[in-house]
Amino acid sequence: MQDIRLAIFDWDGTLMDSVGRIVACVQGAARDCELAVPSPAQIRQIIGLSLDVAMSRLFPLCSGSGSGATSGERQIAAIIDRYRHHYLHDATPSPLFAGAGELLHDWQLRGLQLAIATGKSRRGLDRVLDETGLRSLFVTSRGADEARSKPDPLMLEQILDELRLSPRQAVMIGDSVHDMAMAEAIAMPRIGVTWGVDSSDALSRHGPVAVVDSMTALHALL
């Protein structure tokens with residue numbers, strides 16, 4: 001991986017330990033909307049997708065044709081609204097994973113460009129970048145409302161076009177099969193991390209150059 005000039009990170013479950021908070025907020029939104037509460041395992045499967053796609057998959061009766069497109073869209077919008085309310089007020093801790101900040105600072109100091117491709121909205125991403133003080137480390141970023149939802153590779157293509165790089169000059173780093181499939185679609189090298197939502201076996205099905213179990217192991221790869 002000597003030709004890599006850009007490391008593109010997913011956010012939730014990769015840099016930030018926010019899976020527990022996301023689960024709590026989705027479940028809170030379901031209760032608010034008087035819907036069946038999905039299990040943590042079900043919610044983990046949609047982490048990384050844009051909110052509209054994620055909620056439509058979790059609550060198919062709300063988005064199905066039987067309820068009418070307009071009615072279904074309103075229901076999904078209501079769930080998303082309650083999810084965002086809970087995310088602003090939920091007290092579940094969501095710190096950076098141990099060693100994440102050090103890794104980012106070290107790679108930047110060594111001349112590697114850093115970017116983010118996330119299922120968060122621009123507003124949500126800006127909030128966590130400001131809260132963590134990491135904004136200055138990233139040369140660019142894309143949120144779910146600025147491209148199509150993962151695993152569509154559009155956000156990666158936008159980042160590459162902006163920085164005038166080829167897919168082989170970048171690496172996607174993420175914890176979900178959505179991250180791996182997104183990079184696989186444009187033949188971008190990819191690294192799976194197992195401290196987020198998906199297992200090593202699931203990540204390995206998308207042909208990553210490596211799957212790592214610790215931030216230390218990830219740090220050593222580049």
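**Arg190 and its surroundings**

Author: Skipping neighbours within four places in sequence, Arg190 is in contact with Val171, Met172, Met180, Ala183, Glu184, His206, Gly207, Pro208, Val209 and Ala210; contact means heavy atoms within 4.5 Å. This is a predicted model, where local features need pLDDT of at least 70, side-chain atom pairs count only at pLDDT 80 or more, and totals for chains, interfaces and linings use all residues. Residues are numbered from 1 along each chain as its sequence is written, and side-chain values use heavy atoms, leaving out hydrogens and water.

Reader: Why is Arg190 said to have no salt bridge?

Author: A salt bridge needs a side-chain nitrogen of Lys or Arg within 4 Å of a carboxyl oxygen of Asp or Glu. The nearest side chain of opposite charge, Glu184, is 4.4 Å away, so Arg190 has none.

Reader: What makes the backbone oxygen of His206 a polar contact of the Arg190 side chain?

Author: The pair must be N or O atoms within 3.5 Å, one able to donate a hydrogen and the other to accept it; residues adjacent in sequence count only if both atoms are side-chain atoms. That oxygen lies 2.7 Å from a polar atom of Arg190's side chain. For the backbone oxygen of Gly207, the distance is 3.4 Å.

Reader: How do you know that H1 is mostly covered?

Author: Buried means under 20% relative accessible area, exposed over 50%, partly exposed in between (1.4 Å probe, protein chains only). In H1, 10 of 14 residues are buried, including Val19, Arg21 and Ile22.

Note on methods:
Helix = DSSP H or I, 4+ residues; strand = E, 2+ residues; numbered from the N terminus. Lys, Arg positive; Asp, Glu negative; His and termini not counted.
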